[in-house]
Amino acid sequence: MLRYDPGLKIVAAAQKAAAAGKYEEAHDKFVKGIEELVKLLQIEQDEGTKNLVRKHVGRFLDEAEKMKQAAQTQTPPAAQRQHVLSQETKMLQATAQGVEKRARDAERGLRFAISFNAYK
């Protein structure tokens with residue numbers, strides 16, 4: 001697995017460039033890192049390792065495509081993630097409000113039951 005380190009280091013540099021907002025640089029580095037990994041993948045003998053590397057290469061390809069799109073639109077992937085997070089936050093808030101309402105209703109019902117039993 002050590003032979004994959006140079007390609008993975010290039011990919012790590014791509015991720016660092018992406019985090020810094022350097023999308024074109026990140027895309028180029030992703031492509032170089034992927035090329036290195038694919039070269040080694042072609043001579044890999046172990047099927048388990050091949051599958052693992054293929055999985056990572058697929059993910060890196062997706063990230064490279066996102067960087068290409070981000071460079072073209074200047075919309076950082078972090079902003080896209082933030083939009084998704086805000087939607088998730090709204091859903092969680094709505095769920096929490098529903099849980100709170102059910103808890104209040106249950107508490108009222110319990111108080112009523114206690115009061116009713118006290119006056120029997």
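View 1. K29 pairs with E25 in a salt bridge whose closest N and O atoms lie 3.0 Å apart; a salt bridge is a side-chain nitrogen of Lys or Arg within 4 Å of a carboxyl oxygen of Asp or Glu. This is a predicted model, in which local features need pLDDT of at least 70 and side-chain atom pairs count only at pLDDT 80 or more, whereas totals for chains, interfaces and linings use all residues. Residues are numbered from 1 along each chain as its sequence is written, and side-chain values use heavy atoms, with hydrogens and water left out. Four residues separate K29 from E25 in helix α2, which means a spacing of about one helical turn. Helices (H or I, at least four residues) and strands (E, at least two) are DSSP runs, numbered from the N terminus. K29 is partly exposed at a relative accessible area of 26%, and E25 is likewise partly exposed, at 34%. The terms are set by relative accessible area: buried is under 20%, exposed is over 50%, and partly exposed is in between (1.4 Å probe, protein chains only).

**View 2. Salt bridge between R3 and E44.** The structure holds eight salt bridges. One of them joins the side chains of R3 and E44 at 2.4 Å, N to O. This pair links distant parts of the chain, 41 residues apart: R3 belongs to the segment before α1 (5-19), and E44 to the loop between α2 (23-43) and α3. R3 is partly exposed, with a relative accessible area of 44%, whereas E44 is buried at 7%.

**View 3. Helix α3 and its buried residues.** Helix α3 spans residues 47-73, 27 residues in total, and reaches 39 Å from its first C-alpha to its last, close to the 39 Å expected at 1.5 Å a residue. The expected span is 1.5 Å times one less than the number of residues. Buried residues of α3 include V53, V57, F60, A64 and M67.

View 4. K50 and E47 form a salt bridge of 3.7 Å, N to O. Both residues lie in helix α3, three residues apart, about one turn of the helix. K50 is buried at 15% relative accessible area, while E47 is partly exposed at 47%. T49, also found in helix α3, is buried at 12%. The side chains of T49 and D46 are joined by a polar contact of 2.7 Å. A polar contact is a pair of N or O atoms within 3.5 Å; within protein, one must be able to donate a hydrogen and the other to accept it, and residues adjacent in sequence count only if both atoms are side-chain atoms.
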